[in-house]
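Here are a few exercises to work through with the model open beside you. Try each task before you read its solution.

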Amino acid sequence: MSPTAIRADLPRRDAEDKLRGRTRYAVDSSRPGMLHAALRRADVAAGRIVRIDTTQAQAMPGVRAIVGAEEAPGRYGVGIADHPLFATGEIRYHGEPLVAVAAETLEQARAAAAAVVVEVEPYDAHLSMADALAAEAREVHPGWRDYEVLHEGGQREGNIAWEASVVRGDTDAAFARDDVVIVTSEFTAGRQNQAALEPRVCVASYEDGRFVLETSTQVPWSVRNNTATLLGISPSAVRVVVPAVGGGFGGKFEVSCEPFAALLARASGRPVRVAYSREEEMLTSVARENAEIRIRSAVTRDGEIVAREAVVLLDCGAYGGEQIFLTSMTAHTLCGNYQLGSVRLVSRAVYTNTAPTGPMRACNGPSATFALERHTDEICAAIGMDRFAFRRRNVLGDGDLGSTGQVFQGDVLGPMLDRMVALREAGPELPPADGRLRGTSTVVGMWAVGVGPSAATVNVNADGSVTLITSGVEIGSGSTIQAIPQIVADTLGVRAEDVVVKAADTDAAGYDVGVGGGRTTVSLGAAGTAAGLDARRKLLDVAADMLEAAPEDLLLADGHVSVVGDPDQRLTVAAVAAHAQDRVGPISGSGSFASRREATAIPGCAAGHMVDALDIPIFAVHECDVAVDPETGHVEVLAYRVVQDVGIAINPRAIAGQIQGGVVQGLGYALHEEITIGEDGQIRQRGFESYRPPLVKDVVTVHSDLYEGAPSYGPLGAKGTGEIPILPVPAAIACAVADATGQQVQRIPLTPPRVLGLLLDDIEGPVDLTHLASDWRGNVLGDVEARLAAAASY
């Protein structure tokens, strides 16, 4: 195998084209005769649709097609098929699509969309989870019982779209012990927009009875299948092609504008482009969810956590979406990290009359880890124990049980904390004191690789190059364009730059779950490895005939096949591939991958979970130093350090880039980025003028240490590295600000006005989740007592 393909600091092969503006994205696509589309969206947050009249719009200049709910009979979703393409019968959020219009110009399409007459009988909107969970609250989905359930097991009722729960051990007995200190904490976290530079966009055509969708997405097969579901057609009638994607961060992990473009292309007989404006991206993006969290723990004076209970509310907005799945993840992000004697947790996705939320980098991990690590610091204060020592005592290690009863393998977090001490001591000195309040923190976090099925094909060409065909999408992380080619190159003994990656096309490549959840390097890498090994076997068989040697006596490295012990007897890979092409046919290998599901929960512990155990957990330790200006509330990050579990560092340079970018994005969520909803149900932030992602001057240099060797069945022991860097950042910042100010930090983001309010006797006041029942049992559906009784024996 090539000695340079793995652990090589190879530069991004697409970097120069991107820097020089040569990369072609979906937003750059155009077709001869292409029409432009606009959507007529709801301008109320909730109401009954009385009438939609498109007569005037149809007569306007340039209009070529108008489509609505009657053309899209299906519903899609995650766990529950609750989401139509157009509002049907009722409007459930401000900005919900009602009608789509295609015209010769974008201006004509927008004018026609505005001319559509919509009569609505407004309802009082549920704009918060407290509103939606109030007694006698109107149901956002009166027909929820009739929706198709796509995944069995979750509890559902009224505005509770999905409920997942965990019970393990006798928590009542643990909380009743006379040697424990009980600590209760409550937290809230806001929404975060993915803010990808390229908006959601699609150019659709209808050719020979099939739809061809060129789109900016992370999930080509999901777009294919969900478009078919919404339109009521066969998935084979949809082809999805994906060029380079200008950022996703989870915002393109669901079907979005593609079905609108498809319907209009069929109705008009011409290609149609749908491209969301920045305002549409802000108002209707499937942003990171807002969350409300209560945690209660029983801890001995020497630091043993004997019991933990938690209630989590995730605002899914008008439709369940990804939050149905993410109710599973709180068992691991909120009740992970530490050894727990017993645990009970309930996580609910709640319907509100707000824009649907969805997946964003590490999904609910940042908010859950913020709450968990702040709660951990509050425990340390209550029992008088050093914060670092408490964590070192309690982090999960080899053989320890997770919240759902999963047995973890390997001592990972403990040694990583030790490595953080060394990283801190080797780092630069902090600037001298200047009158600002100083604080520091060390926090831990846990995430998981999303795995799931993938397929790959590898062609060895007559010039010695290799073509890699997958449905993997390059969203900017470098996994598809860099890491997977390095893995395939290592398998075939060629240079990584000799591996050509074909753009994703569902007609050319096999099924893939999509790019997200840190799964690309593991799942597509494993499929690529299998395909490479298949091609390698065929290559060696041909070379064996040419060299008159047994295949097992051949070495494949550095672009050559040679006989072991006789290096002069060798052929180039190009020569072998050319010979095969002439004599036996081109050399091609295929491979596939699916999750091994090796990790298991204790039966009965978890209910309503789509993921009750983590096949490939990933860990991180973050540490930061901050300075807080007592006069303005401004927080400056003075230093930031990361120790990250990577399995094996296939490309250390690329991983360091992901860590740097993830931390900066996390700083935005922790300090700047705030989404607020007006009384009319509309998101107030309409662009980057009012929504504040990090700027160049906000960037802090991240000092990182890559921790290798933790268990993973990924190729060569690899893990995903792009998701977890953001996860502990809000926790690290919040804990450091609390340390600096001596105040309880219960909310993020920590904008200057909020921090100043903390310093001025906490003007906002403490978080008070009065809409949660005081007794944990009151927040759970179903037969709670029977489950608790059974759990006492786990």
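**Exercise 1: The chain as a whole**

Of the 794 residues in this predicted chain, 61% are buried. Work out whether the chain's radius of gyration agrees or disagrees with that of a compact globule.

*Solution.* Start with the expectation: for 794 residues, a compact globule would have a radius of gyration near 28 Å. Next, take the value for the chain, which is 27 Å, so the two agree. For the overall extent, the C-alpha trace spans about 80 × 70 × 60 Å along its principal axes. Finally, turn to the contacts with a separation of 6 or more: 80% of them join residues 24 or more positions apart.

**Exercise 2: The largest cavity**

Find the largest cavity and describe its lining: how many residues line it, and which lie nearest its centre?

*Solution.* Then collect its lining, which comes to 23 residues, with Tyr76, His83, Tyr93, Val255 and Ser256 nearest the centre.

**Exercise 3: Placing the cavity**

Which elements each supply at least two residues of this lining, and why does the largest cavity lie between two domains?

*Solution.* Begin with the 19 helices and 34 strands of the chain. Among them, β6 (83–84) and α7 (258–268) each give the lining of the largest cavity at least two residues. Then step up to domains: domain 1 (31–123 + 200–275) and domain 2 (291–450 + 600–761) both contribute lining residues, so the largest cavity lies between them.

Terms used: Residues numbered from 1 in each chain as written. Predicted model: local features only at pLDDT ≥ 70, side-chain atom pairs only at ≥ 80, totals over all residues. Heavy atoms only, no water. 1 Å grid on protein atoms, 1.4 Å probe; cavity = no way out; pocket = protein on both sides within 12 Å on 5 of 7 lines; lining within 4 Å. Helix = DSSP H or I, 4+ residues; strand = E, 2+ residues; numbered from the N terminus. Domains from an automatic or database assignment. Rg over C-alpha atoms; globule rule 2.2 N^0.38 Å. Buried < 20%, exposed > 50% of the residue type's maximum accessible area, 1.4 Å probe, protein only. Contact = heavy atoms within 4.5 Å.
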